[in-house]
Amino acid sequence: MSAKEKSDLPEVAEKRANKAASAAAELAERRGGAKENAELQSTVRTQSREAVSRAQARIREAVIRNQEDKLTALLHHINIDVLRASFFGLKKTAAPGVDEVTWTEYAEHLEASLVSLHARVHTGAYRALPSRRKYIPKADGRQRPLGIAAIEDKIVQAAVVAILTPIYESEFLGFSYGFRPKRSQHQALDALAFGIGRRRINWVLDCDVQSFFDKVSQDWLIRFVERRIGDRRIIRLIAKWLTAGVLEDGRVIETEEGTPQGAVISPLLANIYLHYVYDQWVHQWRQRCATGDVIVVRYADDAIVASSIGTKRSNSLPISRRGSLVLD
């Protein structure tokens, strides 16, 4: 690997203390009362968040410098500070995975656990565990399958999301609103209402990709990620999560398609997949085929296309007759 990485700016080496680790060690050693411990924990969280912000800023600069090239050096951004921030960003009351370790239990030996996790990630010894299958009822009476990851899988997934987000935020199109920083359902609805109110709209089509998280092609997903990410270590991490399988009724089931709905990494992977399969497709259709006004709003695997009647080539919509997404 060259000295100048595509995902980072050159830095002058200097000897400096790891303030977050020192504060965490002090938190473990001192027993000065709940108030003092809370203050120290707050300091640790703040310093860890700052480490994530610095890493993301360096990645954004690398993206600006290399708008077309693949980013080949990303894993080194996942340090202990980033892992710690990822841990504190998890929901404390979330159900445990197959490891049966809760957030509170992992926090009891946090620093030692993060040091071990960091070493395993960077040496390739890290192994993803199967997700624990759980079903929740849907509004139509059916059951929605969720995949609950183990605590360390959640931490590493959150760290990878933090590192990849600045890259893909420069790639995603403006009409994509789901699971993106500083975007929400309300903004998606506002954009739709504004467009319908200001444009000449004759019809509105509400679209849903049926069983998207269960049926997404893992092979195509990896190929899409590889278009921008050249760090094979990051690719291998994603592949491990996709193929880790699920544990249901005491039996591990291999997963050859789909991504676990409920996993920390799944929303970003879904947006990457749909960016290439749907967003770019419908964007080209709007530019090349459509006549008149066209509004597109997508939130995760739900999309709305609104337009006046007429296209340059035909009256077809940017959706196949059977509602499936077909790759050439």
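Contact here means heavy atoms within 4.5 Å. The model is predicted, so to read the values: local features need pLDDT of at least 70, side-chain atom pairs count only at pLDDT 80 or more, and totals for chains, interfaces and linings use all residues. Residues are numbered from 1 along each chain as its sequence is written, and side-chain values use heavy atoms, with hydrogens and water left out.

**Whole chain.** Start with everything shown and coloured by secondary structure. The protein has 11 helices and 7 strands; helices (H or I, at least four residues) and strands (E, at least two) are DSSP runs, numbered from the N terminus. Of the 328 residues, 42% are buried, where buried means under 20% relative accessible area, exposed over 50%, and partly exposed in between (1.4 Å probe, protein chains only). Among contacts between residues at least 6 apart in sequence, 75% join residues at least 24 apart.

Strands 1 and 2 are antiparallel and share 6 bridges; Arg133 has Gly147 of strand 2 as its bridge partner. The hairpin of these two strands has 5 residues between them, and Gly141 takes a positive phi near 95° there. Strand 1 (residues 131-137) then runs parallel to strand 4, joined by 2 bridges, and Ser131 is partnered by Val246 in strand 4. Strand 4 (residues 246-248) is antiparallel to strand 5, with 3 bridges; Leu247 has Val252 of strand 5 as its partner.

**Helices 3 and 6.** Select residues 80-88 and 151-169. The axes of helix 3 and helix 6 come within 8 Å and cross at roughly 115°. The two helices are therefore roughly perpendicular; that label covers 65 to 115 degrees, while under 35 is roughly parallel, over 145 roughly antiparallel and the rest oblique. Show side chains for Val82, Leu83, Ser86 and Phe87 of helix 3, and Ile151, Ile155, Val156, Ala158 and Ala159 of helix 6, which make the contact.

**The cores.** Which residues have the most contacts inside the largest nonpolar core? They are Leu164 and Ile234, in a core of 72 residues. A nonpolar core is a set of buried Ala, Val, Leu, Ile, Met, Phe, Trp, Tyr and Cys residues joined through side-chain atoms within 4.5 Å. Centre on Leu164: leaving out residues up to four places away in sequence, Leu164 touches Leu74, Ile229, Ile234, Ile238 and Leu268. Another core, of 6 residues, lies apart from the largest one and includes Tyr177, Ala188, Ile295 and Ala306.

Select Asp279, in helix 11 (residues 266-288). Asp279 is buried, with a relative accessible area of 0%. Beyond its neighbours within four places in sequence, Asp279 is in contact with Leu173, Phe175, Ser176, Leu274 and Arg298.

Last, select Ser308, in the segment after strand 7 (302-307). Ser308 is buried too, at a relative accessible area of 1%. Not counting residues up to four places away in sequence, Ser308 touches Arg200, Asn202, Trp203, Thr291, Gly292 and Asp293.

Key:
Pairing = 2+ DSSP bridges. Axes fitted to C-alpha atoms, helices over the stretch in contact; angles between N-to-C directions.
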